[in-house]
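Hello,

Please find the structure below, followed by notes on two of its chains.

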Amino acid sequence: MATAVQPVVERENYLNSNYGIKSWLLTTDHKRIALLYLMSITAMFWLGGFFAMLIRLELLTPAGDLVTSDTYNKLFTMHGITMIFFFLIPSVPAVIGNFVIPLMIGAKDLAFPRLNLASWYIYMLGAGLALWGFLLGGVDTGWTFYTPFSTSYSNTHVVTVAVGVFIVGFSSIFTGLNFIVTIHRMRAPGLTWNRLPLFCWSNYAASLIMVLGTPVVAITLLLVAFERLFHIGVFNPQLGGDPLLFQHLFWFYSHPAVYIMILPGMGVISEVVTCYSRKRAFGYEFIALASIAIAVLGFLVWAHHMFVAGISMYSALVFSLLTYFVAIPSAVKVFNWTATMYKGSVRFDTPMLYAWGFIGLFTMGGLTGVFLASLGVDVHVTDTYFVVAHFHYVMVGGMVLAYLAGLHFWWPKITGRMYPEPPAKLSALLVFVGFNLTFFPQFILGYMGMPRRYHAYPPEFQVLNVLSTAGASVLAIGYILPMIYFLWSLRYGEDAGPNPWNAVGLEWMTPSPPPTHNFDETPVVTWEAYDYEHQPQEEITIGH
Amino acid sequence: MKIIPHDDEYTHVIPPSLYVGIWATLMVLTLITVLASFAELGIFNIVLALLIATIKGTLVVLFFMHLRYSPKLTMVAVIASVCFLLILFSLTMTDYLSRHWATFPGR
Amino acid sequence: MATSSEIQTAERSFQHHFASIEQQRDTATFGMWMFLLTEIMFFGGLFCSYLVYRRTYYEAFVEGSQKMNIILGAVNTAVLICSSLSMAMGVRAAQTGKPKLMVILLLVTILFGFGFLGIKAVEYHEHWVNHEFPGPNFHFETGDPAHPATDPLHTQIYFGLYWSMTGLHALHMIIGIGLVTWLVLAGMRGAFSPIYYSPVENVGLYWHFVDLVWIYLFPLLYLISHKHSG
Amino acid sequence: MWKNFPLFPERASSLAGQVDGLYFFLVAVSAFFTILIFVTIFIFAIKYRREAHPNPSHIEGSLPLELTWTLIPLGICMIFFAWGSLIYFQEGRAPKGAMEIYAVGKQWMWKFEHETGQREINTLHVPLGRDVKMIMSSQDVIHSFYVPAFRIKQDVLPGRYTTTWFHPTKIGTYHLFCAEYCGTQHSGMIGEVVVMEPAAYQAWLVGGGAMASLSANGQQLFLQLGCATCHRTDTQGRGPMLAGLYGKQVQLDDGRSLVADENYIRESILNPGAKVVSGFKPIMPTYQGQVSEESLAALVQYIKSLSQPQPGEPAGNRASLQ
C-alpha cells in the first residue's frame with residue numbers, strides 16, 4: 001500500500017509556491033499558519049523561560065535579595081500566564097495539530113481555513129495586549145487571578161492582561177472548533193473513526209474541552225474586568241459577593257485546560273511509540289476512548305483545586321471521588337504505550353527518547369496528582385511546592401517533552417530536512433536530567449511545607465532550592481540546543497524524503513515538504529491505523 | 001458539474017404555515033409566562049417560568065433552527081452541550097447547597 | 001433544476017478544499033452549531049452566577065426585579081420572537097430562491113432588531129437615572145418598609161448581573177444586526193441561491209440563538225416574584 | 001548535618017501521624033508503579049531493539065489485560081479515597097470542647113485572640129495536649145492558615161468564618177505560613193506557633209495582665225448595640241432567644257433548617273434577612289460595616305457562651321481522640 005511518492009528535486013511545495021511577507025500573513029494554508037504559530041509560541045516560550053530563570057535565580061538564597069517582592073510576584077504571574085495561555089495551550093494543537101491533522105486525514109486543508117488564520121491573528125492580538133500589560137508594569141495576581149485580590153487589591157494592570165487572556169481564549173476556541181468540524185467532515189474516503197490516527201483522537205478530545213470550557217473562563221475574566229471597572233459585586237466579598245464562585249468558574253475551565261495541554265501531547269506519544277516500535281498501538285480502541293473519557297471526566301473534577309478553600313466538605317468528597325476516576329484513563333494510556341513496545345522492533349531515535357521521557361515523567365506527574373486527589377494529604381500539600389512540582393511534571397515533563405518529540409518526529413515533514421541526530425540525542429538527555437534535577441527536589445520541599453509563590457523562605461529550605469536552580473540551568477541548555485540545530489538543519493540538514501521513518505499514515509505518503517494542496521489526488525484509505533504489519537520492512541538509509 | 005448537488009431535495013423546506021404556527025405559540029407562551037408570574041405559586045413560580053422558557057426554547061431550536069431536520073450529529077452536539085451546562089450548575093451547587101450542613105462531628 | 005446563473009454564483013463561493021458544495025454547506029452549518037455550543041457555555045457562566053446569588057440573596061433579587069419594567073420586557077420578548085419569525089422566513093426565501101423576498105424579510109428582521117435595542121435603551125436609561133447601575137453612584141432604597149432587612153449591596157449584585165447579562169445579550173444583538181446587514185448587501189448583489197445560501201442559514205442560526213438567550217433572561221430577570229408589590 | 005538540611009517536616013500534632021501514614025502508602029504505591037513502568041520500558045527497549053529483534057510480532061491488544069490495568073488501579077484509588085476522606089473529615093471538624101482561638105488575617109499579618117481576651121500578632125501560643133479550634137476570617141483578601149508541623153491548612157476568607165483545628169503533641173516552635181497568595185508581602189506573612197506545657201501556657205496567659213475575656217467583651221458590645229432589646233432572655237422578645245442557640249437545629253421561615261454554627265451567627269448579624277428563624281419577622285437591621293472583625297468575634301463568642309452549661313468555666317477537653 002505504501003506507494004510513497006518519489007521526491008522530485010525542487011518540486012513545488014507549500015514553502016516555495018510563493019514568496020513574500022504577504023503570502024505568509026494572508027495565507028489560508030494550514031501548514032503556513034502552523035509555522036506562524038510555531039514562531040509566535042517559540043517567542044512566548046523564551047519569554048516565559050526568561051521569567052522562570054529570574055524566579056530560580058531569586059530562590060537561590062532564602063532572603064529576597066535579587067528582585068523586590070513586587071517584582072517577584074509579577075515574575076511568577078507572568079511566567080504562568082505566558083507559559084499556560086500563550087505557549088502550552090496552543091503548542092501541540094496549533095502548531096503540530098494544525099500542520100499534521102489535515103495531512104493525517106487526507107484533507108486539503110482544515111474545514112475553515114480563513115477562521116484558522118483569524119485564530120492566529122486573535123492569538124497575536126491577545127498576546128500583544130498581554131505583552132503590553134507586561135510592559136506597562138506587569139501584573140501580580142498569579143495566573144489564577146483569584147478574587148478579591150485581583151478585583152480590589154492589586155494595583156497592577158489586571159484588566160489589560162485579563163482582556164488579553166480573554167481574547168486569546170477565542171483563538172483557542174476557533175482552533176478547537178476547526179479541528180472538531182474537520183475531523184468530523186473532512187476525512188478521506190475509507191478513513192473511518194476506527195482507522196483514525198490516535199493523534200487525531202486526542203486532538204479531537206482536547207478540542208471538545210476548548211469549545212466547551214474556554215467560554216466559561218472567558219466570561220469569568222470578563223466579570224473580573226467588570227468587577228474592577230464597575231464594582232458589580234459578583235466576586236467581591238465586601239459587596240456581598242462570594243470569592244469561591246470565582247474559583248468554581250475559573251477552575252471549571254482551568255482544570256480541563258490541563259487536559260487541553262496534555263491530551264494532544266498524548267497523541268504525539270501514540271504516534272511516536274507505534275512508529276519506532278513498528279507495531280500497531282496496543283489496545284488502540286482503549287487509547288482512543290481514554291482520550292474522550294479524560295475530556296469528559298475532566299469537567300467533573302475542578303473543585304479538587306479548592307479542598308481547603310472553604311467549600312463544603314461533602315462537596316469535596318464528591319470531587320475527590322470523581323478525580324480518581326479521571327486518573328484511570330490516564331493510567332490505561334501509560335500501560336498501553338508500554339505494552340506497544342512488547343515484541344516490537346524498537347529504534348532509538350530522538351522522538352522515541354522523548355517519548356520514553358514523557359511516559360516516565362507523566363507517570364510520576366499523574367501519580368503525584370493522586371496524592372492531591374486524596375483529601376487528607378491534599379490539605380497538607382496543596383498550595384506548596386508539591387503542587388508546583390506535580391504540575392511541572394505533567395506540563396513540562398509531559399507536554400513539553402511531547403511537543404519536542406512531535407517537533408523532531410515531523411520536522412522532516414515540515415521542512416523536508418533531517419535534524420542532526422547526535423546533538424538531538426544529547427539535548428533529549430539534558431532535558432530529562434535537568435528536568436528531574438529541577439523539579440524532583442520540589443516534591444520534598446512541598447511535603448516539608450514550603451508554600452508556593454514565596455519570594456523569601458526559611459533558610460532550612462535552601463539546599464533543595466539550590467539543587468533546583470542548578471537543574472534549571474541544565475534544562476535551559478537542553479532547550480537551547482534544539483533551537484540551534486533546528487535552524488542549522490533548515491540549510492544544512494540532509495534531504496528527508498517523503499518518509500524518513502518508514503512510518504505509516506497518510507502524512508508520510510505525500511512529499512516533504514508537502515505541496516500546498518497536500519495531496520495530488522485525494523487518498524482512499526483501505527487499511528487499519530498503524531498497519532505496520534503490511535508496511536514493507538525496508539532498510540532506511542536517510543537520517544542516520 | 002461535480003460540485004453541484006443533483007438532488008433538489010437536499011435541504012428541508014419548512015412550510016410558512018408551520019413557522020407562523022410556532023410564532024403564534026411562542027407569543028401565547030410569552031403571555032402565559034407573564035400572567036403566571038402574577039399568580040402566587042411559591043416555588044412553582046420559578047418551575048413554571050423555566051418550564052415555559054424551555055418549551056419556547058425547544059420550539060425555537062427544533063423548528064426555527066431546523067434541528068429537527070438536521071443530521072443526528074447536530075442533535076447529539078446540542079444535547080451534549082446542555083449536559084455540560086448542567087454539569088457546571090449541578091456540581092457548583094453541590095458546594096453551595098451543602099456548605100451550611102453541620103460542620104460538627106457526630107451531629 | 002438550478003439555473004446557470006445560480007450555478008455560477010455557487011461556483012464562485014465554492015472553496016476548493018471541499019469535495020462538493022453540499023459538503024461545504026453541511027460543514028459550515030456544523031461549524032456554526034459548534035460555535036453556538038461555545039456561546040451556550042459563555043452565557044452558562046453568567047447563568048451559574050445568577051443561580052448562586054439568586055439562591056443566596058433571594059429577597060434582594062426580588063426587590064431588584066421589581067424595578068424592572070415588565071411591560072417593556074414582555075414587548076421586547078415579543079419583538080424578538082417576531083424578528084425570529086422574519087429571520088426564519090428570510091432563510092426560507094433564500095432556500096426557495098426568492099432573493100428579493102429574502103432581502104425584504106431580512107430588512108424587517110433588522111428593523112425588529114433595532115426596535116429591541118431601542119426599547120432596551122429606554123429601559124437602560126430609566127435604570128441609569130434611577131441610580132440602578134452598580135458602582136459608586138448606585139443607590140437603592142428598599143421599597144417595602146415591611147422588609148428593611150435586605151441589603152442594598154445584594155440588590156447591587158442583582159443589577160450587576162442584570163447589566164452584564166442583558167449588556168452581553170445586547171452586544172450579541174448588535175453583532176447580529178451587523179451580520180444581517182451584510183447578508184442584505186450580499187443578497188442585493190445576488191450572492192445567494194437555493195444551491196448556495198449557507199451564510200443566510202448560519203446567521204439565522206446565530207439570530208435564533210440570541211433570541212433563545214432572551215427567552216431565558218426575561219423570566220429570570222423580570223419575573224422573579226411580585227409577592228411584595230401587590 | 002540533617003539539622004540544617006531536613007528532608008521531612010516535624011510531626012507535632014495528633015493528625016500529623018495519620019497524614020504521614022497515608023502519604024507513605026501513596027509514596028510506596030507510586031514508587032512501585034513508577035519503577036514498574038521505567039523498568040518495563042528499559043527491558044523492552046533493550047530486548048526488542050531493532051538490531052536484536054528486526055521483525056516485530058503484530059499484537060492487537062488484549063481485553064483481559066486492559067481490564068486488569070483498569071480495575072486494579074481503580075481498586076487502589078478507592079483505598080486512597082476512603083482513607084483520605086476519613087482523615088479529611090477528622091481534619092475538618094473540631095472535636096467538642098476544643099478551646100477556641102479567633103484569627104484574623106490581613107495583608108500581611110495574623111492577629112489572634114484567645115478566649116480569655118489575650119491578643120497577639122504573628123505568634124500563636126497554644127498549650128500542649130489540648131484540642132485547639134481556630135475560627136478564622138480575613139479583613140481583605142484570601143489568606144491561608146498553614147502549619148506544616150500540624151499538617152493542617154485552611155483558607156481564610158473575607159466575609160465568613162472558616163475553621164480548622166489541631167491537637168499539639170510536641171513542645172516546640174513551628175512555622176506558621178500564609179499559603180494562599182495575598183499580595184506583595186505574601187512571603188512575609190509568616191509567623192510561629194509556640195506549643196507550651198499547659199502550666200507554662202497558663203502562666204503566659206496571666207502574664208498578659210488581667211483583661212476582659214472575649215465573651216465578656218462581646219456581652220458589653222451586645223448591650224451597647226442594643227441587641228438585648230429584641231433578643232431577650234425570655235421568649236417574649238421580637239427576636240429569637242439566643243441562649244442555647246449554638247449547635248442547635250434551627251427551623252427557618254422558608255422551610256429549611258440548619259445547625260447554628262459560627263457562620264450562621266455571623267451571617268445573622270451582618271445579613272439578617274438571609275436566614276430568618278421560623279415564626280419571626282425579618283425586621284432586624286444589618287450590622288454590616290458597623291462592627292469590626294474583632295468585635296464580631298467577640299459577639300459570636302458571647303452568643304456561643306450562652307449555650308454553655310456554666311458560662312465562665314473553661315470548656316473541658318473531652319477530646320474524642322484520647
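Which residue in β5(D) does Glu100(D) stand opposite? Lys133(D) is the residue in β5(D) that stands opposite Glu100(D).

This is a predicted model, in which local features need pLDDT of at least 70, side-chain atom pairs count only at pLDDT 80 or more, and totals for chains, interfaces and linings use all residues. Residues are numbered from 1 along each chain as its sequence is written, while chains are lettered from A and ligands numbered from 1 in the order in which they are written.

Chain D

Strands β1 (residues 99-106) and β5 (residues 132-138) of chain D pair in the parallel sense, over seven bridges. Strands here are DSSP runs of E with at least two residues, helices are runs of H or I with at least four, and both are numbered from the N terminus. Two strands pair if DSSP finds at least two bridges between them.

Chain D also has an open sheet of five strands with mixed pairing, in the order β3-β2-β1-β5-β8. Its edge strands, β3 (119-121) and β8 (162-166), each pair on one side only.

Chain C

Chain C has seven helices and zero strands, so written from the N terminus its elements run α-α-α-α-α-α-α. Along the principal axes, the C-alpha atoms of chain C fill a box of roughly 75 × 30 × 30 Å.

Of the 230 residues in chain C, 55% are buried (20 or more other C-beta atoms within 10 Å of the residue's own, with C-beta atoms placed from the backbone).

Regards

Definitions and conventions
A residue is buried if 20 or more other C-beta atoms lie within 10 Å of its own, exposed if 12 or fewer, and partly exposed in between; C-beta atoms are placed from the backbone.
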